[in-house]
Amino acid sequence: AREATNTKTITKTCVPSAREALACLDKGHEKRSQGAQGEAQGEGEGKGTFRSFKRQRLFPHVEGNYPTHVYLSASLSHSSVGVGDGDACGETLTGLSSEITRGFGVHVFPVGVGVGVGTNDTDTRPSPSAPSTAATKTTSDSCKWPLEWHVSLSRSVVVRAGQIDTLVGLLSKHLRKLKVKPFPFHCTLGDLCVLVNDDNTTCFLVMMVDKGKEHVDKLVDGCDKVFRKHGLQEYYKERKHHVSLMWAPGEERHMLEKAANEYNNSKYAKQLRAMSVLSYSCRVKIGKQVTSLLQ
């Protein structure tokens with residue numbers, strides 16, 4: 001059934017069946033960590049040199065259940081052809097984060113360090129989760145800003161092992177039927193905004209998607225159709241498509257909101273808006289397994 005969908009598995013450690021792969025991953029389920037180093041890829045939530053931040057699970061761990069999220073992978077570039085300029089983007093984000101820390105006393109951390117970039121349960125409330133494999137792709141900057149950015153197409157939901165093959169197959173089938181043109185497609189970024197997770201333990205500094213969001217809406221509609229067939233929760237009615245840039249502990253939300261308002265018209269925000277956002281691949285992450293649905 002998987003072969004008939006023509007899906008392409010991104011991770012290199014593939015096995016004959018996604019269900020078998022996820023069962024193996026389940027046996028070696030990650031340990032809960034308190035106070036991992038700031039540069040660790042996700043076991044601790046933002047320790048750094050300033051504070052520790054314990055990760056909160058979006059869902060309780062139950063054997064045979066896998067957190068699932070559908071998203072667009074995107075690159076930020078100064079070029080209209082969509083070739084990512086990671087160093088330039090990293091310099092801009094490093095400058096912005098330093099200004100926020102100096103001006104507002106909020107210690108922000110790159111998305112991908114201590115929190116997953118591929119599993120934000122987003123519309124108004126992105127949620128921290130395990131790190132995506134994309135988090136290991138970073139710029140040369142010591143802050144490790146990711147080269148790959150994500151725009152959510154679904155909520156984060158729990159999928160049972162028996163649902164995996166049909167879910168991936170139908171997602172691939174329905175998204176291809178939509179014939180989103182052009183694909184890949186370019187987006188532009190708008191205002192800086194602050195969003196929080198469901199229990200307010202983490203807040204995110206994001207940039208809203210401006211031009212191109214009609215393509216994102218179309219893909220969300222396709223995901224919703226498949227999710228309904230599997231009894232899974234659909235995406236939010238009020239859609240606020242965005243790219244998450246950095247995060248901070250939830251208690252910093254109000255100060256981070258002030259910072260977002262202050263720097264919305266800064267040189268850093270203008271530099272980010274001037275970049276081209278190329279959405280080049282639609283993917284689903286189930287547990288730690290990432291599968292390409294459309295590219």
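**Exercise 1. Determine what share of contacts in the protein between residues at least 6 apart in sequence join residues at least 24 apart.**

Solution. Step 1: a contact means heavy atoms within 4.5 Å. Step 2: among contacts between residues at least 6 apart in sequence, those joining residues at least 24 apart make up 79%. Step 3: the background of these values is as follows. This is a predicted model, in which local features need pLDDT of at least 70 and side-chain atom pairs count only at pLDDT 80 or more, while totals for chains, interfaces and linings use all residues. Residues are numbered from 1 along each chain as its sequence is written, and side-chain values use heavy atoms, with hydrogens and water left out.

**Exercise 2. State how many helices and strands the protein has, and what percentage of its residues count as buried.**

Solution. Step 1: helices (H or I, at least four residues) and strands (E, at least two) are DSSP runs, numbered from the N terminus. Step 2: the protein has six helices and 11 strands. Step 3: buried means under 20% relative accessible area, exposed over 50%, and partly exposed in between (1.4 Å probe, protein chains only). Of the 295 residues, 56% count as buried.

**Exercise 3. Work out the strand order of the open sheet that four strands form.**

Solution. Step 1: two strands pair if DSSP finds at least two bridges between them. Valine 194 stands opposite leucine 205 in β8. Step 3: seven bridges join β8 to strand β9 (residues 242–249), again antiparallel, with methionine 207 opposite valine 243 in β9. Step 4: β3 is joined to β9 by two bridges, also antiparallel, and phenylalanine 109 faces tryptophan 247 in β9. Step 5: the order is therefore β3-β9-β8-β7, with antiparallel pairing. β3 (109–110) and β7 are at the edges with a single partner strand each, so one side of each has no neighbour in the sheet. Step 6: all eight of the eight residues of β8 (residues 202–209) are buried, so this strand is largely enclosed by the rest of the structure. Helix α5 (residues 253–263) lies across β7, β8 and β9.

**Exercise 4. Describe how helix α3 (residues 164–178) and α4 pack.**

Solution. Step 1: axes are lines fitted to C-alpha atoms, for helices over the stretch in contact, and angles run from 0 to 180 degrees between N-to-C directions. Step 2: the angle between α3 and α4 is about 145°, and their axes are 9 Å apart. Step 3: residues making the contact include Leu167, Leu171 and Leu178 of α3, and Leu219, Gly222 and Val226 of α4.
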